[in-house]
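Hi everyone, thanks for coming. Please have a look at the sequence and the structure on the screen, and then I'll walk you through them.

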Amino acid sequence: MYVKICGLREPGHVATAVEAGADAIGFVLTRSSRRVTPARARELASAVPPHVLTVAVFAGEPTEEVRAATLESGVRAVQLHGEHPHADFTALKDLGVTLVRAGAASTDLRCGALDEDLLIVDAPRPGSGEPWDWAAVRGRPEGRWMLAGGLTPSNVAEAITAARPWGVDVSSGVEVAPGEKDSGLIRDFVTAARAG
Ligand SMILES: O=C(O)c1ccccc1N[C@@H]1O[C@H](COP(=O)(O)O)[C@@H](O)[C@H]1O
């Protein structure tokens with residue numbers, strides 16, 4: 001089970017996620033209580049070993065802004081939320097980073113439909129911590145796809161059973177307050193996801 005921990009802002013939480021065995025770590029570069037600057041994302045990403053994917057998260061920014069922020073942060077993957085045309089993914093190909101498309105269950109559920117490398121199937125309001133009907137997508141997404149939206153250490157096993165994803169992605173569920181991660185919850189989430 002591939003595990004991504006998103007919305008990290010502090011070096012201690014980055015270290016915890018790496019030690020706990022996360023496969024990917026996300027930095028939010030869009031409007032959010034978890035937002036960090038590209039410079040801060042670079043600082044945080046510099047402590048992440050190469051086997052862990054560093055991801056910059058965007059939601060609706062123009063491609064040129066995404067490109068500039070990605071280069072400045074030095075991350076190895078870009079995650080785009082929202083209604084992006086195929087051309088936006090094509091325009092980012094030359095960056096040589098992993099492209100991640102994120103959308104709700106109503107979007108095209110074939111990973112690679114827009115030339116992305118990974119797909120995230122998320123709640124209607126990304127980053128809200130709101131659970132949704134995970135079972136509704138069971139058997140529908142194709143390829144390498146992660147389930148997100150309202151996952152926590154307590155419910156991730158149930159969500160995996162319901163939706164049968166390739167991976168899982170969490171932000172709110174490992175926080176004690178909006179934007180405030182908790183090391184214990186990060187560890188618990190990775191353990192529960194792997195056991196699920
Ligand atoms: O985490 C955010 O603040 C965020 C803001 C805008 C777009 C995406 C965001 N995060 C993504 O949302 C899900 C996690 O949601 P949840 O908080 O666990 O319910 C995940 O894909 C994050 O990368």
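Let me start with a definition: a nonpolar core is a set of buried Ala, Val, Leu, Ile, Met, Phe, Trp, Tyr and Cys residues joined through C-beta atoms within 7 Å. Buried here means that 20 or more other C-beta atoms lie within 10 Å of the residue's own; with 12 or fewer a residue is exposed, in between it is partly exposed, and the C-beta atoms are placed from the backbone.

Before we use that, two notes on what you are seeing. This is a predicted model, where local features need pLDDT of at least 70, side-chain atom pairs count only at pLDDT 80 or more, and totals for chains, interfaces and linings use all residues. Residues are numbered from 1 along each chain as its sequence is written.

How confident is the predictor? On pLDDT, its confidence in each residue from 0 to 100, the protein chain averages 97, and 100% of the residues score at least 70. The model also scores ipTM 0.98 and pTM 0.97.

Now the fold. The protein chain has 6 helices and 10 strands; these are DSSP runs, H or I of at least four residues for helices and E of at least two for strands, numbered from the N terminus. Buried residues make up 46% of the 196 residues.

Back to the core. The largest nonpolar core has 61 residues, and I5, F27, A56 and V78 have the most contacts inside it. Helix α6, residues 183–195, gives the largest share of this core, 6 residues. What does V78 touch? Leaving out residues up to four places away in sequence, its partners include A56, F58, L92 and V100; contact means C-beta atoms, placed from the backbone, within 7 Å.

Next, the ligand. It is surrounded by 27 residues, with S32, P126, G127, S171 and S172 the closest; a residue counts as near if its C-beta atom, placed from the backbone, lies within 6 Å. Strands β2 (24–28), β3 (53–59), β6 (118–122) and β8 (167–170) each give two or more residues to that shell.

Finally, two residues other than glycine with positive phi. D115, in the loop between β5 (98–104) and β6, has phi near 70 degrees. D115 counts as partly exposed because it has 14 C-beta neighbours inside 10 Å. R164, in the loop between α5 (156–163) and β8, has phi near 55 degrees. With 15 such neighbours inside 10 Å, R164 also counts as partly exposed.

Methods: pLDDT is the predictor's confidence in each residue, from 0 to 100. Two residues are in contact if their C-beta atoms, placed from the backbone, lie within 7 Å.
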